[in-house]
Amino acid sequence: MRKVLLLLFVLTIGFALSACSQSSNASEKEKPKEKTQEELEKELEKELKKGGEPKIKKDDQIHKIGETIKVNDINFTVNKVDRDQNGKYGDLGGKESDKIKTVKGDEERLIIEVTLEYVGKGSMEYNRFGLDLKDKKNKSVRSVISLEDKGRIFLGGNLASGKKVTGVVSYVIPKGEQKNYTLVYNPFLIDTRSDRIEESAKYNIDYLIKLDN
């Protein structure tokens, strides 16, 4: 029964993104018409590229757990990092997303709690695409979801000015290797409001947060 519940949970995560964005107040009708994912990706690609190559800057310092990174009108903080060496999980997205897996004896699930605060005007649409876990070889790790995280997962939605959202992103890594991983935060990629893309493109910067403290 637990496997069935987790499978249903994994399969419905995609709908949560659209559901979150529809939970805003009555001013929704006044907002610009939302563009499709394909249209948004094309705009992102256009803004990111110059001379055929993506132009992504990298912050010149390594940030720590508990430190707030302030960029433009977004404040981002990694609050804490927990580890779970038991339980079942599913990959978030991709062809393997419908397969239920179990954390092995030589693995652990890294659970990273983050807070995003919007201090600009109006509101912003946000998603999790601006968060990326990298290993010591700079290789990305696919994020996962677990029933233990239900109700706490950082997915996406609408954030009004002065408001914040806290959620978790999790990844399965080799046991005891947390110190070799870095969370990469990009404020431009996490901000999906189509009418903000051109303005926020100048903040296309990767911020690195070490997870070993």
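**The whole chain**

Start with everything selected. Among contacts (heavy atoms within 4.5 Å) between residues at least 6 apart in sequence, 78% join residues at least 24 apart. Remember that this is a predicted model, where local features need pLDDT of at least 70 and side-chain atom pairs count only at pLDDT 80 or more, while totals for chains, interfaces and linings use all residues. Residues are numbered from 1 along each chain as its sequence is written, and side-chain values use heavy atoms, with hydrogens and water left out.

Switch to cartoon view. The chain has 4 helices and 16 strands. These are DSSP runs numbered from the N terminus: helices are H or I with at least four residues, strands are E with at least two.

Now show the surface. Of the 213 residues, 45% count as buried. Buried means under 20% relative accessible area, exposed means over 50%, and partly exposed is in between (1.4 Å probe, protein chains only).

**Stop 1: V144**

Select V144, in strand 12 (residues 143-145). Is V144 buried or exposed? V144 counts as buried, at 4% relative accessibility. Leave aside its neighbours within four places in sequence, and its contacts include Y89, L92, R109 and Y171.

**Stop 2: R109 and D149**

Go to R109, one of the contacts of V144. Which residue does R109 pair with in a salt bridge? The partner is D149, with the closest N and O atoms 2.6 Å apart. R109 lies in strand 8 (residues 107-118) and D149 in the loop between strand 12 and strand 13 (156-160), so the pair ties together parts that are 40 residues apart in sequence. A salt bridge here is a side-chain nitrogen of Lys or Arg within 4 Å of a carboxyl oxygen of Asp or Glu. R109 is buried at 1% relative accessibility, and D149 is buried at 2%.

Together with R109 and D149, they are linked in a network of salt bridges. The structure holds 7 salt bridges.

**Stop 3: two more pairs**

Select K80 and D82. They form a salt bridge, 3.8 Å between the closest N and O atoms. K80 is partly exposed at 38% relative accessibility, and D82 is partly exposed at 33%.

Next, take K134 and D132. Their side chains meet in a salt bridge of 3.8 Å, N to O. K134 counts as buried at 16%, whereas D132 is partly exposed at 23%.

**Stop 4**

Move to K136, in the loop between strand 10 (131-134) and strand 11 (140-141). K136 is exposed, with a relative accessible area of 67%. N138 sits in the loop between strand 10 and strand 11. N138 is exposed too, at 52%. Check its backbone: phi is positive, about 65°, although N138 is not a glycine. Most residues other than glycine have a negative phi.

**Stop 4: N72**

Finish at N72, in the loop between strand 4 (68-71) and strand 5 (74-84). What is the phi of N72? It is positive, about 55°, and N72 is not a glycine. N72 is partly exposed, at 40% relative accessibility.
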